[in-house]
Amino acid sequence: MEEVPCLRVSQCRAQKLRENLQSQDFLDRSLCIMKEPTGTVLVPILHSCLLQNDSNLAFHHRRRGDKLEDVLQELLESHGESWTKEVKDDLPRSFQRHGDLVLLGQNCFSLPLWKKMGNILWPTVAKGLGAKRLARMSRISSDGFRSPQVTVLLGEHNWVKHVDNGITYEFDVSKCMFSAGNITEKLRVSGFDCRGETVFDLYAGIGYFTLPYLVHTGAAHVHASEWNPHAVEALRKNLVTNRVHDRCTVHQGDNRQVQLCDIADRVNLGLIPSSEDGWPVACRLLKKTTGGLLHIHQNVTSANVVASHAVDDADNSVSGKRADREAWQAWADAAANRIACLLKKLTATTWTTNIQHIEHVKSYAPHVHHVVLDLECRPA
C-alpha cells in the first residue's frame, strides 16, 4: 500500500494548518482529512512537498504566489508595461481553492493596465495559480440566503467538489457559500455516537453537518431543514453522492414553519452569528418523554482586555483568554436558562438543562469567537 505523507496536529489547529497548506498549494486535495482515535487529526500533503533527504517533514516548493508573479511580470513586459510595487500590491493576497477552480476576492486586478492584457489575462492568472477555472467574488448578497455574488472569469461551469473526512461536498460556487472554517466542528460531530438516534439539522446548507451525522455517527435518520433552494439542490445531490439519501428527509423552507414535533433525540443549530430564532423550533422537536441534546452555535463577544504598562504581553494574553472563557460561560448559562423556560412553556412540565461542553470553533477577531454549546435537556 502506498504511503501517504501527513501532518499530525491537534484538532483545534487543523483548520489553520489546512488553510496555510492550501494557500501554498501543499495540501493534497485528492485525500481527506482524517480524525484519529486519539483525537488528533491527519492532514495529507503532497509527496512533491517533501525533502527526501530530511528525516523531518519539510517544504521545498515555491509558493503559488511566486509563480503568479513570474508569469504576470512576463505578460506585462511583453505588452510594454513595467513591473512596479503598485502592480504587485494589486495581486490577490489570498484566495479560495475549490478543486480546479480558484475564487478570487474583489480587491485585486483593479488597475487599468490589466484591461490592456485582453483575453490572455485570466488564462495567465490560472496558469500562475495552478487552476483551470477562475471566478471572482465581490460581496455576499443581502437576499437572506447569504448567496455569494460571483463572476466567472474562466471556465464554463460553476460546480465544484470538496472532500473532507471521507465526505464529498459538491455545490455551485456562484450560488452557495462553503464554510471551510467549520472543519474542526465537522470532525468533532463525526466522533459522536448517535446510533439509533433521530437527528434534526435546522440549518443544513449543503450538508455541512447533515452528512457527518449520516456518514460517521450511526444516526438512524436525519431531518435536514434549509431555505436556500440552491443549497437544497446541492444537499440532495450530496446525499446521493455519499449514498445516505435513504436515511435523510429534506425540509425545504423556513424551519420556523416546520410542523413536526416530539421526534428528535438531537438537534443541530449551526447558524451564526446566532441561531436563537431556531431555539423554540428545536425545543418543540425534542422528544417530550426523554428529551435530548441541542448543539447551539453562536458568535460570542467578550470585553476587550486593555493592557496597562504594569502588565506584560503574556499576562495580558492570559487575561484575555480568561475573559473570553468567562463570556462563553455566561452566554451558555443564559442560553441554558432560556431553553429550560421554553421547554416548560411548550410542555407545561419542568425540564433540567445541563451544559455538557462548550466548544471553541474559530475566532473572527480578538474577543469575537464562534462557539458551540452542547446542552443536555431532560424532563424532570
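Two residues are in contact when heavy atoms lie within 4.5 Å. With that criterion, among contacts in the protein chain between residues at least 6 apart in sequence, 65% join residues at least 24 apart. The structure is a predicted model, in which local features need pLDDT of at least 70 and side-chain atom pairs count only at pLDDT 80 or more, while totals for chains, interfaces and linings use all residues. Residues are numbered from 1 along each chain as its sequence is written, and side-chain values use heavy atoms, with hydrogens and water left out.

**The whole chain**

Next, select β1 (6–10) and β2 (34–35), the edge strands, each of which pairs on one side only. They belong to an open sheet of three strands in the order β1-β3-β2, with antiparallel pairing; two strands pair if DSSP finds at least two bridges between them. Five bridges connect β1 with β3 (residues 40–44). Within β3, proline 44 stands opposite cysteine 6.

**The largest nonpolar core**

Now select Leu103, Phe171, Ile206, Tyr213 and Leu239, which touch the most other members of the 34-residue largest nonpolar core. Such a core is a set of buried Ala, Val, Leu, Ile, Met, Phe, Trp, Tyr and Cys residues joined through side-chain atoms within 4.5 Å. Several elements each supply at least two residues of this core, including β5 (101–104), β9 (167–172) and α7 (229–241). The most comes from α7, with five residues. Domain 2 (68–157) and domain 3 (174–379) each contribute at least three residues to this core; the domain bounds come from an automatic or database domain assignment.

Centre the view on phenylalanine 171: leaving aside neighbours within four places in sequence, its contacts include His98, Trp159, Phe178, Ile206 and Ala234. A second, separate core of 30 residues can then be located through Ala264, Val300, Ile339 and Leu373, which are among its members.

**Threonine 290**

Finally, select threonine 290, in the loop between α8 (279–285) and β14 (292–301). Not counting residues up to four places away in sequence, threonine 290 touches Cys377, Arg378 and Pro379. Alanine 380 is 90 residues from threonine 290 in sequence, and their C-alpha atoms are 9.7 Å apart.

Technical notes:
Helices (H or I, at least four residues) and strands (E, at least two) are DSSP runs, numbered from the N terminus. Buried means under 20% relative accessible area, exposed over 50%, partly exposed in between (1.4 Å probe, protein chains only).
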